[in-house]
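Work through the exercises below with the sequence and the structure open beside you. Try each task before you read its solution.

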Amino acid sequence: MNIKELEARLQSLIEVDLMSLLPGRKVEDVIIQKLAAAIHLNTLAMENGSLAAPDVYTLVMHPITSGKWHDQQLLTILLHSITTVAQEAGFKFTISPTITISTDERIPLNDAEIIASHRIGSMAETNATPLDTGSLEENGKLPENAFLIVEGVKVFPLVLPVVNIGRRLDNQLIIDDPRVSRNHAQLRTIKGRFVVFDLNSTGGTFVNGQRTSQSVLYPGDVISLAGVALIFGQDNPPPRPDLKDTSPFHSATSERPTAILKEHSTARLRKK
């Protein structure tokens, strides 16, 4: 099934569900087009030869536009249509898919951005191994001058498209704190933005006070790893002449579970 076929089938499924459950509602063509493209472009080939459809979808839109999307029924209709069209195309889901609405004032009122990715919480034992950075960079260039401020003390420059965070020594950012799991979180570059993923941690990952399974990051966002604070920044790290050592913290051992996304509505569809 090519992109055009995916798009046409997605549109027909959404329209039928809207007509029966939410008469009078309409999903803009731009959303349908971008959802179809997101499914097609982010499907991965598995070792067993099957194709895995992306299972995490984030619709980024202007705050004014997002108001009408805070409707669980509407999100469930979208999720049902995504699942159906992906399965009809022969794609598999490795985990029950989710869809979330996030906001960005830079998005035009009549537009939206779709970020589709694969949840990595199930990679409990292997999530400290960097993913294929080539495929990630196809989704957009590495954000320039991005960094984390760890516990208000150390600056950690984000110069890789994949950054694993936790207590294990093979993480890129090692935080030696008993509250932090061995493999706690991962930052990945998707469409030119950093997205934080919780790795099924015990204490959870929070962005600006809200527990999250994945969240698009914006400068100034405060990430909390079970209480350990990281501030995400972009531009140039603030000058700190008193800090000559900006290397990662160092580590030991521990555990992991988890939940939604930044400041907004999430729909989840259970696999039958």
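Rings of Phe, Tyr and Trp (its six-membered ring) pair if their centres lie within 6.5 Å, and planes under 30 degrees apart count as stacked, over 60 as edge-to-face and the rest as tilted. The model is predicted, so local features need pLDDT of at least 70 and side-chain atom pairs count only at pLDDT 80 or more, while totals for chains, interfaces and linings use all residues. Residues are numbered from 1 along each chain as its sequence is written, and side-chain values use heavy atoms, with hydrogens and water left out.

**Exercise 1.** Find how many aromatic pairs the whole structure holds, and classify what you find.

*Solution.* A search of the whole structure gives 1 aromatic pair. The ring centres of Phe-194 and Phe-232 are 6.1 Å apart and their planes stand at 70 degrees, so the pair is edge-to-face. Phe-194 belongs to strand S12 (residues 193–198) and Phe-232 to strand S17 (residues 228–233), so that the pair links distant parts of the chain, 38 residues apart. Finally, consider burial, where buried means under 20% relative accessible area, exposed over 50% and partly exposed in between (1.4 Å probe, protein chains only). Phe-194 counts as buried because its relative accessibility is 1%, and Phe-232 is buried with a relative accessible area of 1%.

**Exercise 2.** Describe which way the side chains of strand S7 point, and find the strands that pair with S7.

*Solution.* In a regular strand the side chains alternate between the two faces of the sheet. In S7 (residues 147–150), Phe-147 and Ile-149 point one way, whereas Leu-148 and Val-150 point the other way, and all are buried. For the pairing, recall that two strands pair if DSSP finds at least two bridges between them. S7 pairs with strand S8 (residues 154–157) in the antiparallel sense over 4 bridges, and Val-155 in S8 is the bridge partner of Ile-149. The hairpin of S7 and S8 has 3 residues between the strands, and in this hairpin Glu-151 takes a positive phi near 55 degrees. S7 also pairs with S17 in the antiparallel sense over 4 bridges, and there Phe-147 stands opposite Gly-233.

Methods: Helices (H or I, at least four residues) and strands (E, at least two) are DSSP runs, numbered from the N terminus.
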